[in-house]
Amino acid sequence: MEIYDRTLYNLSRVSFKGGGMKQFLRSIGFSMYKKKGEIKELLDQIQSEHIAAARIVITPEKERYWEIRFMVNQILGLCLFGNLDNISHFNREGYFPYIQSNLISSSSNVSLQMNLDDTTFSGLVDDNRVGISLIFRINNNLEILDAMGESRVPKAITLGAFSTEGKVLLPIQKTEEQILRINSLNNTRSQLIEAAKNGDESAMDSLSTEDMLLYSTISRRMTKDDMYSIIDNLFMPFGMESDMYTIIGEILDFSFLKNQFTQEESVLLQIKCNDILLLVAMARGDLQGEPQIGRRFKGNIWMQGTIHFS
């Protein structure tokens, strides 16, 4: 009894957040679908009306997987996926919003791993420009399944993301000389990280010294300067999910897109964060401030990626 009471005591102090995949439906213009029953009706309708266009892949183990891609405008869509049983019944296992784009974010090596549901994959890319391993949910799962028995290798990835909260920040003013110096320092750091991965101890020492100097500089400036005037770019894990991040990055381009079925408006931002290009989609009302090229975006994102094969 004592353990049970203590469990209740601890749980009373836990903050439960999130909402699963359904929270990102608003990012592509389906904000009115909030309850499970409402979402199920939407998915049932899409599945019944577009089942003839379902793509089916049969794995070497004779498993049959299917997906339906439902575009709500020229770039944003909703994917339904599942498996076919022995009587060819379409069992729906899940859904997710996706961004359709050929923007190349990274050409670094990508590691793939099947998730516990056996139908979706996650990817991991070690890009030296970021300094951390980026984990993302893969949105072209059937292409991965189709390529498993072949000699095709990933050659590049397109990173996209969805957000339910974000704000526009003013840019940090930099001279041309400062921009060139920053680019040079970033290139040098990228080379040091690559050398450290290969076991170069002098590169490891240089990176450790650089990190300590950076920490000391930031700590000193934080006492008198605003944080957002110091941090120009940020790519940091957020929460307990491995594919959630907090980012700060420069807005290179933006557009407003309407869901052709609900007429809700989404904003699509092209962001450069740590020299990585990615697209971020969110409901227009969830973005605080007016996006402009050159300004910055700060927000929490769920990241996904498209694998491009050779």
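1. First, the ground rules. Residues are numbered from 1 along each chain as its sequence is written. In this predicted model, local features need pLDDT of at least 70, side-chain atom pairs count only at pLDDT 80 or more, totals for chains, interfaces and linings use all residues, and side-chain values use heavy atoms, with hydrogens and water left out.

2. The overall make-up. The protein chain holds 5 helices and 14 strands, where helices (H or I, at least four residues) and strands (E, at least two) are DSSP runs numbered from the N terminus. Of its 310 residues, 39% are buried, meaning under 20% relative accessible area, with exposed set at over 50% and partly exposed in between (1.4 Å probe, protein chains only). Take the contacts (heavy atoms within 4.5 Å) between residues at least 6 apart in sequence: 62% of them join residues at least 24 apart.

3. The sheet. An open sheet is built from 4 strands in the order β1-β2-β3-β4, with antiparallel pairing; two strands pair if DSSP finds at least two bridges between them. At the edges are β1 (55-58) and β4 (90-99), each of which pairs on one side only. Direction ignored, neighbouring strands of this sheet are turned by 20 degrees against each other on average. Helix α2 (residues 36-50) packs on the sheet and touches β2 (64-71), β3 and β4. The direction of α2 makes about 100 degrees with that of β4; axes are lines fitted to C-alpha atoms, for helices over the stretch in contact, and angles run from 0 to 180 degrees between N-to-C directions.

4. Bridges within the sheet. Strand β3 (residues 76-84) is joined to β4 by 9 bridges, and L80 has Y95 in β4 as its bridge partner. Between β1 and β2 there are 4 bridges, again antiparallel, with I58 partnered by R64 in β2.

5. The β1-β2 hairpin. This hairpin has 5 residues between the strands, and K62 takes a positive phi near 70 degrees there. T59 also lies in the loop between β1 and β2. T59 counts as buried because its relative accessibility is 6%. Leaving aside residues up to four places away in sequence, T59 touches Y65 and L145.

6. Rolling a probe the size of a water molecule over the atoms shows where empty space is left. Here a cavity is a set of points, on a 1 Å grid over the protein atoms alone, where a 1.4 Å probe fits but cannot get out; lining residues have an atom within 4 Å of a point. The count is 2 cavities of 30 Å³ or more, with grid points joined across faces, edges and corners and a volume being the space filled by probe spheres set on the points.

7. About 40 Å³ of space lies here, lined by residues including I99, N139, L159 and Q304. β8 (154-169) and β14 (296-309) each supply at least two lining residues, and β8 gives the most, with 3. This lining divides into 2 nonpolar, 6 polar and no charged residues.

Definitions and conventions:
1 Å grid on protein atoms, 1.4 Å probe; cavity = no way out; pocket = protein on both sides within 12 Å on 5 of 7 lines; lining within 4 Å. Nonpolar A, V, L, I, M, F, W, Y, C, P; charged D, E, K, R; others polar.
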